[in-house]
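Please keep the sequence and the model in view while reading.

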Amino acid sequence: MADKRSVRIDYNQLHHMSSELLYETKPRKRLVKKYPKTFQVERIIARRTTKKYEEYLVKWQDWPLESSTWEPSCHFSTQLLRNYDNPVKPTKERLYEAGRQFFSGINTALKGKSRAPVYVHIDGDIWQYLSHNKGRNSEHRGFKLYEKDDFCLFKELPDNWWYILDKNGEGYAIDFPVKIKPLVTWTTANFIWKNNSLVEGPRMPIEKLCIIIVKRPCNIYNLH
């Protein structure tokens, strides 16, 4: 965590600064006075592999979401990276919100006529926990196929999350498996007027799931 006596840089400086400046073992003298040597990781949002190395998108403790940066794995402890692959259980409040978002997205897909994918906003580390060691690979890159039992850790979902019925006991249900891909996109570029000049405003990562379902007609007699 940054020393309280240190002068914090604004999001533009942090977002565009080379990670080598933040983490080099022998930082330049002019940087030592201005920037803290380390930052506390709040959570890891996502992982990607580049031509050079593996990188992690990090949300920093006590910094706004728009200050999140991609950092190479060598900047983190082995334990922190192990926790990403074997995530701990998120707080009850975060799981509840994730369940609300997921149920709303599935419900919209079941009620709608479109076959287009549904996008649900769920933090990447929460989905990492819920989907750990679950699902099987899909023929489409980045997607996995999930059966109904794969959602057993998602206890915040109501029992009827996978189907809808009308007053006559007829409706639609998911024809499992569900195809899901976690995504991280960024808010569009926008500009603000600051210090008598036009500068680029903050851009925040958007964590979401791309969900593709096939639905089938159902009634109270053939739900299972």
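## Basis of the description

Helices (H or I, at least four residues) and strands (E, at least two) are DSSP runs, numbered from the N terminus. The model is predicted: local features need pLDDT of at least 70, side-chain atom pairs count only at pLDDT 80 or more, and totals for chains, interfaces and linings use all residues. Residues are numbered from 1 along each chain as its sequence is written, and side-chain values use heavy atoms, with hydrogens and water left out.

## Exposed Tyr-221

Tyr-221 is found in the segment that follows β13 (215-219). Because its relative accessibility is 75%, Tyr-221 counts as exposed; the term requires over 50% relative accessible area, buried means under 20%, and partly exposed lies in between (1.4 Å probe, protein chains only).

## Buried Leu-130

Leu-130 belongs to helix α6 (residues 124-130). With 4% relative accessibility, Leu-130 counts as buried. Leaving aside residues up to four places away in sequence, Leu-130 touches Leu-95, Asp-150, Leu-153 and Phe-154, where contact means heavy atoms within 4.5 Å. Pro-90 is 40 residues from Leu-130 along the chain, and their C-alpha atoms are separated by 9.5 Å.

## An open sheet

Three strands make up an open sheet, ordered β1-β2-β3, with antiparallel pairing; two strands pair if DSSP finds at least two bridges between them. At the edges are β1 (41-49) and β3 (69-72), each pairing on one side only.

Strand β2 (residues 54-60) is joined to β3 by four bridges, and the two run antiparallel. Leu-57 has Trp-70 as its bridge partner in β3.
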